[in-house]
Amino acid sequence: SQDLMVPGQDPPDVQFCEGGYLLLASSAGADTLRENFAVQKECNAHVQLLTKDELTTKFPWMDVNGIELGCFGYKNEGWVDPWALLQAFRSKAISMGVKYVTGSVSSVQSNGQVVSGVTVDSGGGGCGTDSEEVVLTCDYLVNAAGAHAADIAGMAGIGAPEQLPGDAVISPLLKKALPVRPRRRCVYVVESREGPVNDCPLLVDPSGVYMRREGSGGLFLV
């Protein structure tokens, strides 16, 4: 919060809940979890590697059938309000001179080696001009388009070299598309009045399903 504080304003409240993180592994994923645990320890992370019996002792409410190991981040781990955190980043960036433009990237200027700019369709005036489309020059382009990052990469010729000008240098790397695609995810709010509260970290099951409590009234996000 201190790092994101804007001069003259109170530190942002991102609603950090230090509930911990618990990643579970079956026998098939146990070796990978051990390797990841070793890397985290090398980085001085506060983590514990827990056997099935240790998981049962620490979290008696947990069904450990099919579970071989757990990696528990017990300090400085938890969850925040993502919207509050996003707004804190945005406010801090604006205070440091960053200008936000609302629009859609329609093309990327690249010679196959260097990106020199992007064309943005702002819908009219969003880029500080009366034009609906404007080219923003750049030395570096950060592709932060999330699930749609492959579309932006394709505009730069990555996985789509035919998008580049005829004199572009086509490297082998450009022939491979960015392996990112949109995928539908669903989050449900589940009520369990008898569910765990204080000893309930954010839990990730080997199947990929995650669960964490929402407050202390028996609600959980799954």
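Q: Which residues of helix 1 are buried?
A: This is a predicted model, in which local features need pLDDT of at least 70 and side-chain atom pairs count only at pLDDT 80 or more, while totals for chains, interfaces and linings use all residues. Residues are numbered from 1 along each chain as its sequence is written, and side-chain values use heavy atoms, with hydrogens and water left out. Helices (H or I, at least four residues) and strands (E, at least two) are DSSP runs, numbered from the N terminus. If buried means under 20% relative accessible area, exposed over 50% and partly exposed in between (1.4 Å probe, protein chains only), then the buried residues of helix 1 are A30, L33 and F37.

Q: Within what arc do the buried residues of helix 1 fall, seen down its axis?
A: An α-helix has 3.6 residues a turn, so residues three or four places apart point the same way. The arc is that of the directions from the helix axis to the C-beta atoms. The buried residues of helix 1 line one face of the helix, because the arc within which they fall is 55°.

Q: Which strands do the buried residues of helix 1 pack against?
A: The face turned away from the buried side of helix 1 carries the exposed residues D31, E35 and E42. On the buried side, where contact means heavy atoms within 4.5 Å, the residues pack against strand 1 (21-25), strand 2 (47-51) and strand 3 (69-73).

Q: How far apart are the end C-alpha atoms of helix 3?
A: The expected span of a helix is 1.5 Å times one less than its number of residues. Helix 3 (residues 82-95) has 14 residues, so it should span 20 Å, and the separation of its end C-alpha atoms agrees, being 20 Å.

Q: Within what arc do the buried residues of helix 3 fall?
A: In helix 3, the buried residues include A88, K92 and A93. Seen down the axis of helix 3, its buried residues line one face, because they fall within an arc of 130°.

Q: Where is V115 placed, and how far in space is it from Q40?
A: V115 belongs to strand 5, and beyond its neighbours within four places in sequence it is in contact with several residues, among them V108, C138 and A156. V115 and Q40 are 75 residues apart in sequence, and from C-alpha to C-alpha their distance in space is 35 Å.
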